Amino acid sequence: MASSVETFFRPNIGCVKDLAESSDLISIPSKYSYFNTQNQEDGMDEVVAELVQIPTIDFSILNSTFPDQRSKVIQDIGKACQDWGFFMVINHGVPESLMERMLAMCRDFFDQTEEEKLECAGKHVLAPIRFGTSFNSSVDKVFFWRDFLKVLVHPQFHSPSSPAGFSEISMEYCEKTRQVARELLKAISESLGLEENCIDKTMELESCFQILISNLYPPCPQPDLAMGMPPHSDHGLLTLLIQNQNGGLQLNHNGKWVNVHASPNTFLVNTGDHLEILSNGKYKSVLHRAVVNNKVTRISLAVTHGPCLDKVVAPVAELVDSENNPALYHGMKYKEYLEFQQSNQLNGKSHLDRIRI
Ligand SMILES: O=C(O)CCC(=O)C(=O)O
Ligand SMILES: [Fe+2]
């Protein structure tokens, strides 16, 4: 518990959950007015009306003893990475009850008092535990309708001290998602024509940098004006996402926004910037965003899996040849990339432009 002196000097985070719960809120404060700014003129706001089916990958087939079945699923994963940067994973082996308990823990975290949550108000973007609102409230020009908790969980495991049980459940959950991500990256390695363990070895995934990010989007009285999370790509290699309900996540497919719906007990997996870099642009990171609604609170839980933090990542040598396939990105230490992306405004894939050749 913080001393009263510390509490006195701590800034009020102004979490959006408390704002949304104030009984007389019928319109949003102007600082949340996203679609009233130039953002609506970026030419990307057409939403595809019909439900689009994203690729589904049956994870259990990766263990098939029939080589043909395994090759087919590897091919499907490669195609999903290339065409969508997004796929739904079924039969992944992570118990559904664990996924549900993890989401319930996140809800319990956000349901604590602001005072309790402020125990986790880390300032630095790579602070081990960080509760906050918007994306980076010290630089955001428009605020997003979102509170978040970010926890570094690997190679060093951290956890907020409350709610009780968070630590045990998140440790188990993150171990399991890490295994799934590493298996998927083996398949992705093969789909790129590389040796199965190539990505695992070159990115030093034994020390994979894993972050647990929970997002809370409370009901918003003017959902057409506000934005939960603006268009962005994730920095790592692969992100595994679950949510308490469908409706909110959109991905950009061929220049249009597509609503993503997941079946129960599945992971939504998306490709990150470092997969784009190492594959020399073959598997591009996917732009996605989260829109809000005026009825229910949506909670999502994204676990990002990146290279070892100290790794300088560049396109893998096997995928580069100076004549036909010159390297498209400069090498950069993952830690520096991450600090840069997290310290600035979230703006599409602009951070990747810094290292494009
Ligand atoms: O809430 C969502 O569906 C998206 C979250 C997300 O993109 C992220 O945390 O990086
Ligand atoms: Fe994301």
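Predicted model: local features only at pLDDT ≥ 70, side-chain atom pairs only at ≥ 80, totals over all residues.
Strands S5 (209-217), S6 (229-232), S11 (288-290) and S12 (298-306) each give two or more residues to the shell around the ligand. The largest share, three residues, is contributed by S12. The residues surrounding ligand 1 are Asn 215, Tyr 217, Met 229, His 232, Asp 234, Leu 241, Leu 249, His 288, Ala 290, Arg 298, Ser 300 and Ala 302. Sorted by class, six residues of this shell are nonpolar, four are polar and two are charged.

Polar side-chain atoms of the shell approach oxygen atoms of ligand 1 at several points. For Ser 300, the distance from a polar side-chain atom to a ligand oxygen is 2.6 Å. An N or O atom in the side chain of Asn 215 lies 3.0 Å from an oxygen atom of the ligand, and a polar side-chain atom of His 232 is 3.1 Å from a ligand oxygen. On its own, ligand 1 has 290 Å² of accessible area, of which the protein covers 97%.

The helix considered here is H6, which comprises the 26 residues 166-191. At 1.5 Å a residue, H6 should span 38 Å, and the computed separation of its end C-alpha atoms, 36 Å, agrees with this expectation. Just after H6, Gly 193 adopts a positive phi of about 85 degrees.

Key: Residues numbered from 1 in each chain as written. Chains lettered and ligands numbered in written order. Heavy atoms only, no water. Near = heavy atom within 4 Å. Polar contact = N/O pair within 3.5 Å; in protein donor to acceptor, adjacent residues only side chain to side chain. Areas by Shrake-Rupley, 256 points an atom, 1.4 Å probe, with all protein chains shown as cover. Helix = DSSP H or I, 4+ residues; strand = E, 2+ residues; numbered from the N terminus. Nonpolar A, V, L, I, M, F, W, Y, C, P; charged D, E, K, R; others polar. Expected span 1.5 Å × (residues − 1).
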